[in-house]
Amino acid sequence: MPNRKEKILVIGASGQIGVELTMALRKQYGNNNVVASDLREENPLLHGTGPYVSLDVMNKEMLHVQVIRQNITQIYLLAAILSATGEKNPNLAWHLNMQGLLNVLDIAREENLHKVYWPSSIAVFGPTSPKINCPQKTVIEPSTVYGISKYAGEFWCNYYHQRFGVDVRSIRYPGLISYKSAPGGGTTDYAVEIYSEALDNKKYNCFLKEDTYLPMMYMPDAIRATLELMNAPAKSISVRTSYNVAGMSFSPKEITNSIQQYIPDFTINYKPDSRQAIADSWPQSIDDSVANNDWGWKPEFDLAKMTKDMLDNLALKTEA
Ligand code: NAD
Ligand code: AKB
């Protein structure tokens, strides 16, 4: 059972994952024990559900003051620049993704925080990694600045754990699909946009080719994976870099077929752009047997189940 005395700070809480993870943590620990924070304004979905502070993870002093003032015991760090935006501004992506993490790890060490969560990504893998069932340990030569920052970040987490005993845990998320909050500049964003475009306009211009397979996961599975990892006993965590987790793998053509089961006149056009090269550098599917052995990870959603849930919930949102 989670300890009710924990006080959690979520950094990047207004983003795609942040909103849903904050709500899930508030359910587990109590609304007032989970402080949401972001550089941008509070996401409307979080209004009135618990405390919110405006915070820049790059300002270490300000972060440190908040951690002490709010008696924080755990940090979930979600602030980052994702793959597609990162290629437009590599220096900024490197700076935020690295310095933000180092600020959090330093404060965790100095303040003896109980736990830190920091997500990595399947973007750590590059063109020389195995394409199918990419293993936990394999050749890793990322070709995007985002992937490089995630891979370096994984080893900083491992270092702070080995050297200073910081209990930092991490998951290499696949592309995440959700209907509550919009995605923030990734290569897998097409798989979110396609559902709302199918409902609103019955057509979608896809920036990836029809046969581009990528590892993906529905947000409820991603949130559950995160909580299961964070609630697992420390002795069962054998990976202190970051865990592979798998949900499903599909191509734009397959997700289109799945949507057409409900919207038969939905059509798609393919106009690949610079994101195609990023997608081509990543694996098509992931082997998550280590996460399964260590803390029992198992996904619940496949493409068919996710499509039904996405379309039902987006339709309800439109009606509201
Ligand atoms: P997002 O872009 O939707 O959200 C990031 C949030 O961080 C934004 O609300 C942004 O305002 C905030 N932020 C940016 N700079 C900040 C700063 N200096 N200080 C404080 N907050 C700042 O991203 P997301 O999709 O929610 O991703 C969260 C994490 O999960 C990231 O580390 C990302 O790399 C990782 N991840 C996401 C996916 C995915 O498909 N969404 C997949 C793999 C890994
Ligand atoms: C992206 O496409 O950049 C993210 C990710 C897989 O890390 N969704």
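Reader: Which residue forms a salt bridge with aspartate 106?

Author: Keep in mind that this is a predicted model. Side chains of opposite charge can pair when their charged atoms come close. For aspartate 106, the closest N and O atoms of the pair are 3.8 Å apart, and a salt bridge needs them within 4 Å. The partner is arginine 109.

Reader: Which helix do aspartate 106 and arginine 109 both lie in?

Author: They are 3 residues apart, about one turn of the helix. The helix covers residues 90-110, and its label is H4.

Reader: How many salt bridges does the structure hold?

Author: The pair of aspartate 106 and arginine 109 is one salt bridge. For the structure, the count is 11.

Reader: On to ligand 1: how far is a polar side-chain atom of lysine 150 from an oxygen atom of the ligand?

Author: Lysine 150 is among the residues that come nearest to ligand 1, together with Gln16, Asp38, Asp56 and Tyr146. Backbone atoms make contacts too: a polar one of valine 57 is 2.9 Å from a nitrogen of the ligand, and one of glycine 15 is 3.3 Å from an oxygen. For the lysine 150 side chain, the distance is 2.8 Å.

Reader: And how much of ligand 1 does the protein bury?

Author: Ligand 1 sits in the largest pocket. Its shell has 15 nonpolar, 8 polar and 4 charged residues, and helix H1 and helix H5 are among the elements giving two or more residues to it. Taken alone, the ligand exposes 830 Å², and the buried part of that is 92%.

Notes: Residues numbered from 1 in each chain as written. Chains lettered and ligands numbered in written order. Predicted model: local features only at pLDDT ≥ 70, side-chain atom pairs only at ≥ 80, totals over all residues. Heavy atoms only, no water. Near = heavy atom within 4 Å. Polar contact = N/O pair within 3.5 Å; in protein donor to acceptor, adjacent residues only side chain to side chain. Areas by Shrake-Rupley, 256 points an atom, 1.4 Å probe, with all protein chains shown as cover. 1 Å grid on protein atoms, 1.4 Å probe; cavity = no way out; pocket = protein on both sides within 12 Å on 5 of 7 lines; lining within 4 Å. Sits in = over half its atoms within 2 Å of the grid points. Helix = DSSP H or I, 4+ residues; strand = E, 2+ residues; numbered from the N terminus. Nonpolar A, V, L, I, M, F, W, Y, C, P; charged D, E, K, R; others polar. Salt bridge = Lys/Arg side-chain N within 4 Å of Asp/Glu carboxyl O.
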